Amino acid sequence: MVHLSWYLTVSAMLFCIGVFGFLTRRNIIMMLLSIELMLNSVNLNLAAMSHYMEDIRGQVLVFFIIAVAAAEAAIGLGIVVTLFRNYRSVYTEDITILKG
Amino acid sequence: MADWQIDLIKVVFIWVWALLIAVVMTWVERRASAMMQDRLGPNRAGPFGLLQPLADGIKLFTKEDIIPERARKILFILGPPLFALPAFSAYAVVPFGDKIVLGGKEIILQVSDVNIGFLYVLALGAIGVYGMVIGGWASNSKYSILGGLRATAQLISYEVPMGLALLTIVLLYGTFSLREIVLQQQGTFLGFLPNWGFFKQPLGFIIFMVAAYAEANRVPFDLPECESELVTGYHTEYGSMRLGLYLFGEYVNMGTLAAITVSLFFGGWGLPYVDMSRFLGPVSYGIASFFVFFLKQAFFLFLFVWVRWTVPRFRYDQLMGLGWKALIPLGLINLFITALLVQLTT
Amino acid sequence: MVQLLFFYFALVVIGLGLRIVTCKNPVHSVLLMLLLFFHMAGLYLLLNAEFLAAVQVIVYAGAILVLYLFVLFLVNLREEIKMSPFVQKGKWAGLVAALALLITFLRGVFNFTLGPHGQYTIEKVQQITHTKAMGEAIYTTYILPFEIAGLILLVAVIGGLALAKKEDKGA
């Protein structure tokens with residue numbers, strides 16, 4: 001028997017890995033990828049909860065999150081391409097135009 | 001026989017079958033193209049050149065295996081198998097016959113009747129592209145990476161109309177299981193037509209076919225390879241058996257797509273107007289149903305070859321235009337009409 | 001058996017996750033991510049959510065990751081591999097923040113109790129198939145969120161177009 005808390009632990013660890021990647025990577029594409037990691041961990045969390053609570057709601061939510069993740073990836077990567085076109089760089093430290 | 005033995009036999013059978021189809025298709029492709037161009041084609045190895053694939057195989061196996069110096073080695077090696085494996089795996093849900101009774105046991109002629117059957121096919125179709133992209137990127141060559149880039153864009157564009165066409169089929173039959181869909185296609189439609197998906201969804205079939213050709217990277221849509229612009233695109237740097245695996249994977253992929261087409265739109269193993277199970281014994285019925293399926297599949301495999309040697313290649317902007325401006329709107333309209341009809345008739 | 005599978009998937013997911021955020025070459029990260037998505041799909045299968053597993057592979061592996069690869073190839077990064085993948089300032093702060101978050105989460109996980117059970121028992125889901133169970137919930141109770149999700153996707157389409165459109169500079 002697999003306990004719910006095991007799934008939650010995996011999901012928590014994955015989420016924190018995502019947070020770490022998002023906070024520390026230089027490359028914006030990698031930051032977006034870290035966000036995908038976090039979304040995936042949340043999905044796992046919801047699906048596991050839903051399974052153990054014998055309720056379908058969590059999994060419906062996962063479905064919506066996947067849809068939103070697709071939208072997020074499309075927009076995020078669109079922004080990255082535009083940034084690259086204007087600055088020739090996708091690194092966070094090069095994009096400091098607001099600092100003057 | 002225990003259940004797992006039966007499953008094992010089915011898996012082995014389907015692997016051998018997929019392999020055989022791919023091998024024979026390389027021969028058919030060359031002979032048929034020769035026929036269409038008033039040439040002879042390979043005719044030296046064996047009768048009618050039938051042993052030509054074998055000769056080609058030996059040639060590819062014994063050639064020197066070259067990995068370009070600045071290629072990313074692991075990914076370079078990983079590319080071809082990653083391209084060929086999904087195509088093979090998709091065969092697992094293909095219902096290649098009805099059922100056969102052996103030793104008092106009824107065996108369904110399908111490796112696995114999973115209830116998300118063709119979502120599985122769609123998923124595997126989406127993965128095959130990684131083989132091309134990885135191979136193209138790892139080769140460290142301009143032509144290869146351009147081929148890989150084109151493959152990604154093409155896949156994203158044509159996955160959508162394919163999904164839309166498949167959705168209409170789901171709406172009609174109300175299930176994802178391929179076996180269930182084939183079972184529902186037996187009998188007649190409007191009294192005189194076979195009850196096939198093709199007659200209920202002609203537009204869906206056309207959209208699916210075009211998208212399938214794009215997924216299989218066949219001419220008119222073989223932009224990722226495109227000999228005249230990109231040498232051979234993503235597998236420019238490949239040689240010996242690795243190249244062989246790419247070419248092979250393409251034929252396996254065609255076999256899969258033909259099998260899916262037959263089961264979704266052409267009644268799978270069923271003969272129109274004739275109920276074979278009525279006058280055939282339980283064993284011969286199983287074999288007959290497999291042969292009917294095989295004949296239909298062979299027709300669609302030949303169609304692949306036929307189209308390749310008659311239609312010229314699209315330009316890249318034309319490919320994208322066809323996908324986004326023609327197929328997707330058509331698919332949406334088709335989906336809407338189908339939904340309306342299903343709602344009104346049930 | 002189920003436990004073994006769970007541990008395999010879980011360990012691979014965590015290991016791959018760590019490798020993804022520390023990997024120098026973004027293309028390698030994306031390919032490892034592909035592997036991770038498959039293992040996530042495996043975890044969904046263990047949870048009897050086969051529809052989610054299929055959607056996970058189709059949408060994440062088949063569409064989103066291909067998009068990532070496409071953009072990575074477009075912004076061809078050769079020098080990235082020689083430089084450190086992390087920001088110079090605040091690298092350790094990020095690590096500390098992530099660890100602190102993890103500790104908070106784990107405290108929550110072990111003090112967690114389940115609420116009342118719903119009506120979709122495992123047997124019921126298996127009987128009517130997961131796809132149908134999902135469909136019933138989505139198209140009845142959750143029809144409004146479903147429409148909103150559609151709207152969000154539409155916004156993404158328009159936004160993507162607006163971002164990708166090259167400005168006519170007087171021509």
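Reply: Of the 346 residues in chain B, 44% are buried, where a residue is called buried if 20 or more other C-beta atoms lie within 10 Å of its own, exposed if 12 or fewer do, and partly exposed in between, with the C-beta atoms placed from the backbone. This is a predicted model, in which local features need pLDDT of at least 70 and side-chain atom pairs count only at pLDDT 80 or more, while totals for chains, interfaces and linings use all residues. Residues are numbered from 1 along each chain as its sequence is written, and chains are lettered from A and ligands numbered from 1 in the order in which they are written.

The C-alpha trace of chain B spans about 60 × 50 × 45 Å along its principal axes. Because a compact globule with 346 residues would have a radius of gyration near 20 Å, the 21 Å of chain B agrees with that expectation; the radius is taken over C-alpha atoms, and the globule rule is 2.2 Å times the number of residues to the power 0.38. The secondary structure of chain B comes to 13 helices and 4 strands, these being DSSP runs numbered from the N terminus, with helices (H or I) of at least four residues and strands (E) of at least two. Among the contacts in chain B with a separation of 6 or more, 77% join residues 24 or more positions apart, a contact being a pair of residues whose C-beta atoms, placed from the backbone, lie within 7 Å.

Turning to the neighbouring chain, 21 residues of chain B are in contact with 18 residues of chain C. On the chain B side, the elements that give two or more residues are α4 (117–138) and α5 (142–173), and α4(B) gives the most, with 11 residues. By class, that side has 18 nonpolar, 2 polar and 1 charged residues, where Ala, Val, Leu, Ile, Met, Phe, Trp, Tyr, Cys and Pro count as nonpolar, Asp, Glu, Lys and Arg as charged, and the others, Gly among them, as polar.

Chain C also meets chain A, with 68 residues of chain C in contact with 60 residues of chain A. The largest share of the chain C side, 11 residues, comes from α4(C), and the residues of that side divide into 55 nonpolar, 11 polar and 2 charged.

How values were computed. Contact = placed C-beta atoms within 7 Å.
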